[in-house]
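Hi everyone, thanks for making the time. Let me put the sequence and the model up on the screen, and then we can walk through a few parts together.

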Amino acid sequence: MQKKIVSGLFSGMLASLLLIGISAEAVAGNKVWITLGDTAFHQLQKLAPQTIAKDSQIVVANPGFQGLTGSMIQEKVHLVEVDEQQLAGLSAAIHQELKRCGGFMFHPNESAGRVALSTPASLNAIAASLAPSYVIDNQTVVTPMLSQMQASNIGQTIIDMSGYANRYYTTTNGVNATNWLKQKWAQMTSTRSDITVEQFTHASWSQKSVILTIKGTENAAEVIVLGAHLDSINTKGTTETTKAPGADDDASGIASLTEVIRVLVANGYKPRRTIKIMGYSAEEVGLRGSQEIAKSFKAANTNVIGMMQLDMTNYKGSDKDIYLYTDYTNSAQNQFVANLISTYQPSLSIGYDKCGYGCSDHASWYAQGYATSMPFETAFTQDNPYIHTENDTYANSGGQANHSLKFARLALSFAVELGSDGAATPGPVDKVETFTGSLTKGQKASYGPFKVGAGGSFAAALSGTGDADLYVRKTSAPTTTTYDCKSDGSTSTESCSINLTANGDAYVLLNGYSAATYTLKVTYRPQ
Ligand code: BES
Ligand code: ZN
């Protein structure tokens, strides 16, 4: 049950909390964390007078109003620990007393609640309006794929990429590296016509970004983005020969995503939504590649459901396994990411930290209002000390990729859990037409053409009195001797069905074998 509760996080609606069973299965004494607005908090204090807020913050509920009216809508939000049993009572009280839905958000632990409280409500509000379901329900697809992922493959990609003297955004080496990555991803996916690998050209510098697209089968317009940066830098110099292996920063992120691609393809995974895996150019010089791409997606009104950035995944320098960075990221999606870790990699520990500035490409997507997350290798002050030097080598991250493997697995679970969702686009609806009439012996009646869509079937059903016979033909009208389907039993109950591979016409002929009255019903997929 716990997983179910956790996976329903941030639905925001109390009703959904009840639906997933908190009220039915609440355990007395089991403490949970919620954030809630000031009014709801006072309701809770009526129910449980001992409740105190662990933290409180003024949040701007809708900064969009600021420009219009000069005033902001502000709300005080509190983080409290409550008995799980009190949630149902709180729900009822909010509905009865406040006559509104919503009111609190559920968090699995205190740190998750603090994340929610600290994330600017403004961008959360934008992302919330686009928020997908964060329910985790693809275990049968994800779990077998995770066990196929291998650190050695990630390690090899890190070795290959850090073999370039540098991957600086203006050097020939930097250009060669992006071309190498494009070739590698294209070759890995060459068996799939639904996967393309393209380069995104940047007008002001030569190193292109790489974008791999797995086209969604049902909801292709909804896009999941996974990213890492392919460039590197040595802050002591940026010539063609300056060594900047960037093994951890950020060959490790590219290599983690490359292992995701390998396993998705090996399993023939086809997402319902579109998944895009990106290697950004020019991150080290101000997030320039990702900024151009994110802006182009926004300009095209692309519905990016969620974005995850992997920048530095292989250096294990802190006690926790994966640190979720809370700034320039979306708290609801971060909660989902934490749930992915506890569902799919339950032995891993989760920490929270922040850069304090837009430190990687997720910030480019965040700035366009998209939901982002950035799982990072360490706490901020304990990261790889060799980055941006000639010593950011594979050997200096331990000469193996066990830490990166955790991030690759997380990225795959993120891609599949979000990529498998999305309502099916409604297919064409069958058209039904009915005709009635009567025939004398030997009299004929013709119907059509019916315009049938490619791949559709055309079915004719006859009922009535006496004995009428039914003939169906593609392309032109049938006769009693030329037809694709005939049904000529001794009553007027007849049926015929044909399939059309391409768009085409279907015709019906009725013949009175003896006098008859009839109802003809045709059902077909229109063009
Ligand atoms: N991978 C780093 C960001 C980073 C470093 C995050 C250490 C956490 C700990 C990234 O490639 C980078 O160097 N970013 C720049 C900022 C960017 C806007 C140029 C940075 O952090 O200075
Ligand atoms: Zn980096």
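Let's begin with the contacts, where contact means heavy atoms within 4.5 Å. Among contacts in this protein between residues at least 6 apart in sequence, 83% join residues at least 24 apart. Before going on, the ground rules: this is a predicted model, where local features need pLDDT of at least 70, side-chain atom pairs count only at pLDDT 80 or more, and totals for chains, interfaces and linings use all residues. Residues are numbered from 1 along each chain as its sequence is written, chains are lettered from A and ligands numbered from 1 in the order in which they are written, and side-chain values use heavy atoms, with hydrogens and water left out.

The protein has 16 helices and 19 strands; these are DSSP runs numbered from the N terminus, helices being H or I of at least four residues and strands E of at least two. Of its 527 residues, 52% count as buried. Buried here is under 20% relative accessible area, exposed is over 50%, and partly exposed is in between, using a 1.4 Å probe and protein chains only.

Now to the sheet. Six strands make an open, mixed sheet in the order β5-β6-β8-β7-β9-β12, where two strands pair if DSSP finds at least two bridges between them. At the edges sit β5 (195–200) and β12 (372–373), each pairing on one side only. Strand β9, residues 303–309, runs parallel to β12 and is joined to it by two bridges; Met308 stands opposite Ser373 in β12.

Which strands does helix α12 touch? Helix α12, residues 247–266, packs on the sheet against β5, β6 (209–214), β7 (219–229) and β8 (273–280), and its direction makes about 140° with that of β7. For those angles, axes are lines fitted to C-alpha atoms, for helices over the stretch in contact, and angles run from 0 to 180 degrees between N-to-C directions. Because 18 of its 20 residues are buried, α12 is largely enclosed by the rest of the structure. After α12 comes Gly268, with a positive phi near 60°. Helix α16, residues 402–419, lies across β7, β8 and β9, at about 170° to β7.

On to the metal. The zinc ion (ligand 2) is coordinated by His229 (NE2), Asp249 (OD), Asp311 (OD) and Asp311 (OD), at 1.9 to 2.4 Å. Donors are N, O and S atoms within 2.8 Å of the metal (3.2 Å for Na, K and Ca), and since water is not among the atoms, sites may look incomplete. Along the chain the donors follow the spacing H-x19-D-x61-D. His229 in strand β7 and Asp249 in helix α12, 20 residues apart, link distant parts of the chain, and both His229 and Asp249 are buried.

Thr242 belongs to the loop between β7 and α12. Is Thr242 buried or exposed? With a relative accessible area of 17%, Thr242 is buried. Beyond residues up to four places away in sequence, Thr242 touches Ala165, Asn166, Asn234 and Gly237.

Last stop: Gly456, in the loop between β15 (444–452) and β16 (457–474). Gly456 counts as buried because its relative accessibility is 2%. Setting aside neighbours within four places in sequence, Gly456 contacts Ile498, Asn499, Leu500 and Arg525. Thanks, and I'm happy to go back to any of these views.
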